[in-house]
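Okay, thanks for coming, everyone. I have one model to walk you through today, so let me put it up on the screen.

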Amino acid sequence: MSGTGRRDPLVLGRIIGDVLDIFERSVSFRVSYSGRNVNGREFRPSAVVNQPRVEIGGNDLRKLYTLVMVDPDAPNPCDPTMREYLHWLVVDIPEGTDATFGQEITSYEGPSPTIVGIHRYVFVLFRQSGRQTTGAPGWRQNFCTRDFAEIYNLGLPVAATYFNGQREGGWGGRRCRLFFSLIQTSHNPRGRNQRTASNHRSVREFLPLDSTSSPPSLFDGTTRLYISYTCPYAQRVWITMNCKEKIQLIPIDLQNRPAWYKEKVYPANEVPSLEHNNEVRGESLDLIKYIDKTALDYIETAVSKYKDGPFFLGQLSLVDIAYAPFIERFQPFLLEVKNFVSVVHLLVGVGYFLVRWAIGLPKHAPIDKDLLALFVPVAFCHALGHVMSNVSFAAVAVSCTHNQSARALFNAVASQLILGHRIPLALWLSLAPVVIGNFVASSHCSFLSA
């Protein structure tokens with residue numbers, strides 16, 4: 001991949017490493033859904049049901065290409081046991097045409113993630129040495145692009161791109177999009193990794209330094225931030241710092257750390273650490289406090305379109321920067337837990353009363369059959385109202401007030417439909433503000449379950 005003076009999205013998206021090795025981009029390659037180029041964007045599954053338009057630049061029809069589309073995050077980005085999942089395979093595509101002119105080996109399967117989390121969908125283009133006799137893979141899961149290229153002598157790719165996708169109704173949300181904006185818009189235009197001697201920014205410059213890498217010129221007056229791309233503690237310092245001028249961003253491979261980092265830079269051998277004024281400091285919260293306000297002002301400008309937040313203090317602050325990486329990680333889990341709030345309530349309630357019953361507290365007067373027959377229908381309607389309000393609460397989580405107020409409505413409905421009680425019109429009218437208020441609140445806060 002030739003240097004472009006900007007960070008390559010394939011590296012920041014970890015396509016290089018997880019799916020592909022470093023390669024030189026040598027062919028114009030465009031993938032679009034309904035006229036929108038992918039280029040690292042996010043698409044909903046409903047927008048990518050039909051196969052995209054894939055255009056290959058050039059005018060030599062004798063040159064043929066192979067197109068592969070895979071998901072390296074299937075079925076779960078946290079545990080990709082099906083890496084890579086094959087979504088599409090087309091061979092013998094003539095240069096200067098699109099994928100419809102090739103031979104489809106594996107039909108297009110639109111992305112439809114079922115587990116919450118961001119999936120990357122990667123399009124890889126290989127140049128063939130001639131017409132290809134390619135057998136269809138026996139299954140889509142655990143496909144390996146590298147092995148496929150080796151088996152059919154395709155060599156390294158000539159182009160690649162990708163997009164992000166997630167389950168409809170997945171984690172999403174403005175706060176998480178804010179996190180990615182903080183990372184992507186506050187990049188340092190002057191920072192330079194020392195892994196290569198080239199004066200141009202290339203993909204190789206952004207690979208993490210490992211035990212085979214040489215150290216930069218330490219303590220020469222240059223400000224350096226040592227990070228790991230995937231460490232949330234490092235990310236929050238990166239957000240605050242890497243937009244500033246004259247800063248080198250030095251990624252470290254935490255699985256194979258260079259010895260010089262512990263010996264010469266930071267004895268704790270952890271990230272993040274900041275080399276500034278010939279001193280090295282650590283601890284992410286201490287670092288974001290140490291950094292002057294210039295970076296924060298820049299970030300506020302960069303994400304000014306997010307004026308309505310939501311922010312912890314009403315406007316963007318160090319609190320948002322400190323917690324954004326963690327919110328991005330925990331929100332998929334918390335949204336799944338939220339869907340089981342009714343189950344949690346039920347289990348806690350049953351457990352609580354079983355314990356009370358077991359220890360004989362509190363003492364109650366004996367209940368005869370007539371009293372039990374009178375209480376059971378009423379208790380059933382109340383329980384049904386409680387469960388229905390919890391289900392509603394789980395679907396459009398707004399507040400505890402929403403939970404309590406919705407229960408009255410469901411109780412009234414159950415009493416009239418099941419017990420046959422006649423609910424006065426005045427009571428129904430008194431519930432109208434509750435229903436309307438909850439509807440407005442749910443609509444306003446729908447991003448919580450978007």
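So, G165: leaving out residues up to four places away in sequence, G165 touches F43, G117, I118, H119 and Y121, where a contact means heavy atoms within 4.5 Å. Before I go on, this is a predicted model, so local features need pLDDT of at least 70, side-chain atom pairs count only at pLDDT 80 or more, and totals for chains, interfaces and linings use all residues. Numbering runs from 1 along each chain as its sequence is written, and side-chain values use heavy atoms, with hydrogens and water left out.

Back to G165, which is found in strand β9; strands here are DSSP runs of E, at least two residues, numbered from the N terminus. Is G165 buried or exposed? Its relative accessibility is 2%, so G165 counts as buried (buried is under 20% relative accessible area, exposed over 50%, partly exposed in between, with a 1.4 Å probe and protein chains only).

Now the rings. How many aromatic pairs does a search of the whole structure find? Nine, taking rings of Phe, Tyr and Trp (its six-membered ring) with centres within 6.5 Å, and calling planes under 30 degrees apart stacked, over 60 edge-to-face and the rest tilted. Take Y33 and F163: the centres are 5.5 Å apart and the planes are at 80°, so that one is edge-to-face. Y33 is in strand β1 (residues 29-33) and F163 in strand β9 (residues 159-165), so this pair ties together parts 130 residues apart in sequence. Both Y33 and F163 are buried.

F163 also pairs with F43, at 5.4 Å between centres and 75° between planes, so again we have edge-to-face. That links F43 in strand β3 (residues 42-43) to F163 in strand β9, 120 residues apart. F43 counts as buried at 3% relative accessibility, and F163 has a relative accessible area of 0%. Y33, F43, Y121, F123 and F163 make up one aromatic cluster.

Terms used: Helices (H or I, at least four residues) and strands (E, at least two) are DSSP runs, numbered from the N terminus.
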